[in-house]
Amino acid sequence: MRGWLRRRFDAAYERLLRREISGAPAHVAVIQDGNRRYARERGEDPSDGHHAGAETTERVLDWCADLGVAELTLYAFSTENFERPREERERLFDLLEAKLREFADAERVHEQGVRIRAIGEVDRLPERVRDAVDYAERRTDGYDGFTLNVALAYGGRAELLGAARDVARAVDRGALDPDEVDVAEIESRLHDDRVRDVDLIVRTGGDERTSNFLPWHANGNEAAVFFCAPYWPAFSKVDFLRAIRTYESREASWQRAKAERALALVRAFGSVELGEARDVLARLRESLPAGADVDVEAEAESESRAD
């Protein structure tokens, strides 16, 4: 009876959340934490937790397709994971190999045009995992319906350090002028193909930290962050919708801040003609929340009359 009531409540809450959400972030990055703790609390082997987490990953792919998310990055294996016991590492490598090949052959992946690619120091992984990465990337190369990034042997600091060293070598051999080093130049040296700026980071398992994950693409874009208690295998669609709602709330807050800056700019015009103020507002209008442009223009007229 209790399980039935819980399912009814979750279904109702999911419908409510869907009504509150008007869109979706383009790029969601997920730190899939809690697989081992999930297994430990059930008296199971850590590999059982990883297998349960892989099932959650498949569901999340469906949720992304349903909501219109264009890119998903999964923190599958960090550089710190190399320090885990050898037996656990080997089982995790087995799972990664199997899932990469399974995804690459899945009908829905090809029907939906999902492109799979790995980011990170893939050359540090066992040959069988590297072969699976190559297979998945070749099988889905050219698709543009959805992008699934699998972060393997990944560390954010190592990623940035590698790009910095690459730039330094290019400058040293005269192939790059220091004045030419800009955002685009750095990004071109982070990955072979462009990774979208991250709009939302989700971390499961209760910890409130982003663990060196995509610092250039997430911190640089001031991504929204959603921390939640459920372990990754127990992560539900309701949790995912709550994360999306957090992203939208943060976006609305940013839009309000932009509107306030626009008002401050209008006030700063002082004796400047209203026509000039309107020219500036026209350039700002696209970044203002709905309705804010009307208030700003009224403010401009008020300031002009006062002058």
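Leaving aside neighbours within four places in sequence, which residues is Leu-72 in contact with?

## Leu-72 and its contacts

This is a predicted model. In it, Leu-72 is in contact with His-27, Val-28, Val-30, Val-60, Leu-61, Cys-64, Phe-146, Thr-147, Leu-148 and Asn-149, leaving aside its neighbours within four places in sequence.

## The cores

Leu-72 belongs to the largest nonpolar core, which has 50 residues. Leu-72, Leu-125, Leu-148, Leu-200 and Phe-240 touch the most other members. Helix α4 (residues 86-105) gives this core its largest share, seven residues.

Six strands form an open sheet. Their order is β3-β4-β2-β1-β5-β6, and the pairing is parallel. Strands β3 (114-119) and β6 (224-227) are the edges; each pairs on one side only. Neighbouring strands are turned against each other by 20 degrees on average, direction ignored.

Strand β5 (residues 200-203) and β6 run parallel, joined by four bridges. Val-202 stands opposite Phe-226 in β6.

## Helices across the sheet

Helix α3 (residues 46-67) lies across β2 (71-78) and β4 (146-154). Its direction is at about 160 degrees to β2.

Helix α6 (residues 127-140) lies across β3 and β4. Helix α6 runs at about 145 degrees to β3.

Methods
Residues are numbered from 1 along each chain as its sequence is written. This is a predicted model: local features need pLDDT of at least 70, side-chain atom pairs count only at pLDDT 80 or more; totals for chains, interfaces and linings use all residues. Side-chain values use heavy atoms; hydrogens and water are left out. Two strands pair if DSSP finds at least two bridges between them. Helices (H or I, at least four residues) and strands (E, at least two) are DSSP runs, numbered from the N terminus. Axes are lines fitted to C-alpha atoms, for helices over the stretch in contact, and angles run from 0 to 180 degrees between N-to-C directions. Contact means heavy atoms within 4.5 Å. A nonpolar core is a set of buried Ala, Val, Leu, Ile, Met, Phe, Trp, Tyr and Cys residues joined through side-chain atoms within 4.5 Å. Buried means under 20% relative accessible area, exposed over 50%, partly exposed in between (1.4 Å probe, protein chains only).
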